[in-house]
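Here are my notes on the model, point by point. Please read them with the coordinates open.

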Amino acid sequence: MMKRQSLVGYGAPLQSTQSALPVPQNGEVLLRVSHCGLCHSDLHLMDGHFDLGEGKKLDITQGRELPFTPGHEICGTIEAHGPSVMGIANGKRLYAVYPWIGCGNCARCLEGDEHLCDLMGHLGIHRDGGFASHVLVPHPRYLIDVSGIDAAIAGSYMCSGLTAFSALRKALAAGGQGPLLIMGLGGVGFMALELARSMTQQPIAVADIDGRKREAAERCGADIIIDPQQPEARKALRAAMGQMTAAIDFVGSAASLDFAQAAVGKGGMVVVVGLMGGRISLPVPMFPLRQLSIAGSFVGSLPEARELIGLVRQGGVHPIPVSVRPLEEINAAIEALREGGVLGRISLKPSADPS
Ligand SMILES: [Zn+2]
Ligand SMILES: [Zn+2]
C-alpha cells in the first residue's frame with residue numbers, strides 16, 4: 001500500500017489516506033520517498049489561494065481532485081519503473097525529483113524551460129506528490145542523482161535551493177560589481193545567502209525584520225545586515241554600501257518590494273520571488289529614468305537544477321539547517337511553519353516499514 005498525507009478539503013488539516021501502490025507504465029518511475037521537504041507554498045496550496053492584496057485572492061483550487069497529496073521537495077530511491085525506462089537500476093541510489101513538470105512537447109519545454117510550460121503537471125501541486133511513502137514520477141529525466149548529499153535536504157534543493165539559485169543567476173546577470181541585497185531570510189533567502197558566496201564576489205547585504213534571523217545571517221557571512229523596518233534603514237544601507245546593483249525580494253510584500261526598488265541604483269534590477277502578497281505603485285517615468293528592471297522569478301529550469309546539484313557536490317555550500325520529523329506529524333510541522341518560528345527547513349520522513 002501507499003501511505004499518504006492528503007488534502008481532503010481546503011483550509012483543513014491533512015489526513016492519512018492509503019491507496020494501492022501504483023504500477024509504473026511506459027517511462028514512469030515509482031520512487032520510495034526517503035524525505036520530503038515542507039514548503040511555504042504547501043501552505044498556500046492547502047489554503048487554496050494566494051493573497052493578491054487589497055482583499056483580492058487568486059484561487060488555486062482548480063485542476064486538482066481531492067484527496068490530493070502535496071509535497072514537491074522529494075528525495076528517494078527507485079522502487080520500480082516502467083518497461084521503456086533504460087539505464088537506471090532499482091536500489092539504494094538517492095535521487096532528488098525535479099517537480100516542475102510541463103507537457104514536454106511545447107517550445108518552452110523543448111528549450112528546457114519546462115517550469116514555464118502552460119500545461120503544468122507539477123508534482124505535489126497538480127499531480128500527487130511526496131508526502132507519502134511513494135511517488136510516481138512520469139519520466140526518469142526528472143531524477144537527479146544526489147548520492148553523497150544529505151537526504152533530508154536534497155529534495156529542498158529542487159524548490160527553495162533552485163528558486164534561490166535561479167533568482168541569483170538573474171540578479172547577477174544584471175551585471176555590475178556593486179552590492180547585492182537579499183530581502184527576507186526564510187528558507188529560500190537563507191539558501192540564497194549560502195549560494196551567493198559560491199556564485200559571486202559581490203558584497204552581500206541582507207534585510208529581515210526578525211532579529212533571530214538577522215543573528216543567524218551574521219554567522220552566514222553577510223557583509224551587512226539591516227532591519228528594514230527601522231526608520232533610518234535605507235539611509236544606513238546606502239551610507240554603508242552605496243546603491244545596490246541588484247536586489248532579490250524573497251518576501252514579496254508591498255513593503256519589501258518598495259524597500260528593494262528604492263535600494264537599487266541606476267540600471268538596477270529587482271528580482272521578485274516571494275509570494276507574501278500585496279501591491280505597490282511606482283511612478284512610471286522612474287523605470288526609464290533609473291533604467292529600473294523589476295523581474296519575477298519562478299523556481300528554475302531542469303538544467304539549472306542539475307547545475308545547482310553540481311555546485312552543491314563541489315562543496316562550499318553549507319547545508320541550511322534542517323529538522324527531520326516523521327511524516328505522520330506533518331500537521332504539527334505545518335502549524336510551526338505558519339507561526340513563522342522555523343529556522344531553516346522541515347523535512348518529513350515516511351516510516352521505513354516496507355508495507
Ligand atoms: Zn517548495
Ligand atoms: Zn510544455
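1. Start with the zinc ion (ligand 1). Its donor residues follow the spacing C-x32-H-E-x85-C in sequence. They are Cys39 (SG), His72 (NE2), Glu73 (OE) and Cys159 (SG), at 2.0 to 2.4 Å. Donors here are N, O and S atoms within 2.8 Å of the metal (3.2 Å for Na, K and Ca); water is not among the atoms, so sites may look incomplete.

2. Glutamate 73 lies in strand 6 (residues 73-81), and cysteine 159 in the loop between helix 3 (151-154) and helix 4 (160-173), so the pair ties together parts that are 86 residues apart in sequence. Helices (H or I, at least four residues) and strands (E, at least two) are DSSP runs, numbered from the N terminus. Both glutamate 73 and cysteine 159 are buried. Buried means under 20% relative accessible area (1.4 Å probe, protein chains only).

3. A word on provenance. This is a predicted model: local features need pLDDT of at least 70, side-chain atom pairs count only at pLDDT 80 or more, and totals for chains, interfaces and linings use all residues. Residues are numbered from 1 along each chain as its sequence is written, chains are lettered from A and ligands numbered from 1 in the order in which they are written, and side-chain values use heavy atoms, with hydrogens and water left out.

4. What is the geometry at the zinc ion (ligand 1)? The site is tetrahedral, with angles of 90 to 124 degrees among its four donor atoms. Four donors count as tetrahedral if all angles lie between 85 and 135 degrees.

5. Now the zinc ion (ligand 2). Cys103 (SG), Cys106 (SG), Cys109 (SG) and Cys117 (SG) are its protein donors, 2.3 to 2.4 Å from it. The spacing is C-x2-C-x2-C-x7-C. This arrangement is tetrahedral because the four donor atoms subtend angles of 105 to 117 degrees. Cysteine 109 is buried at 8% relative accessible area, and cysteine 117 is buried at 3%.

6. Check arginine 290. It sits in the loop between helix 9 (286-289) and strand 15 (293-296). Arginine 290 is buried but has no salt bridge; aspartate 258, the nearest side chain of opposite charge, is 7.7 Å away. A salt bridge needs a side-chain nitrogen of Lys or Arg within 4 Å of a carboxyl oxygen of Asp or Glu. A polar atom of the arginine 290 side chain does lie 2.5 Å from the backbone oxygen of glutamine 261.

7. Last, isoleucine 309, in helix 10 (residues 302-313). Isoleucine 309 counts as buried because its relative accessibility is 2%.

Note on methods: Buried means under 20% relative accessible area, exposed over 50%, partly exposed in between (1.4 Å probe, protein chains only). Lys and Arg count as positive and Asp and Glu as negative; His and the chain ends are not counted. A polar contact is a pair of N or O atoms within 3.5 Å; within protein, one must be able to donate a hydrogen and the other to accept it, and residues adjacent in sequence count only if both atoms are side-chain atoms. Four donors count as tetrahedral if all angles lie between 85 and 135 degrees; four count as square planar and six as octahedral if opposite donors are over 155 degrees apart and all others between 65 and 115; anything else is irregular.
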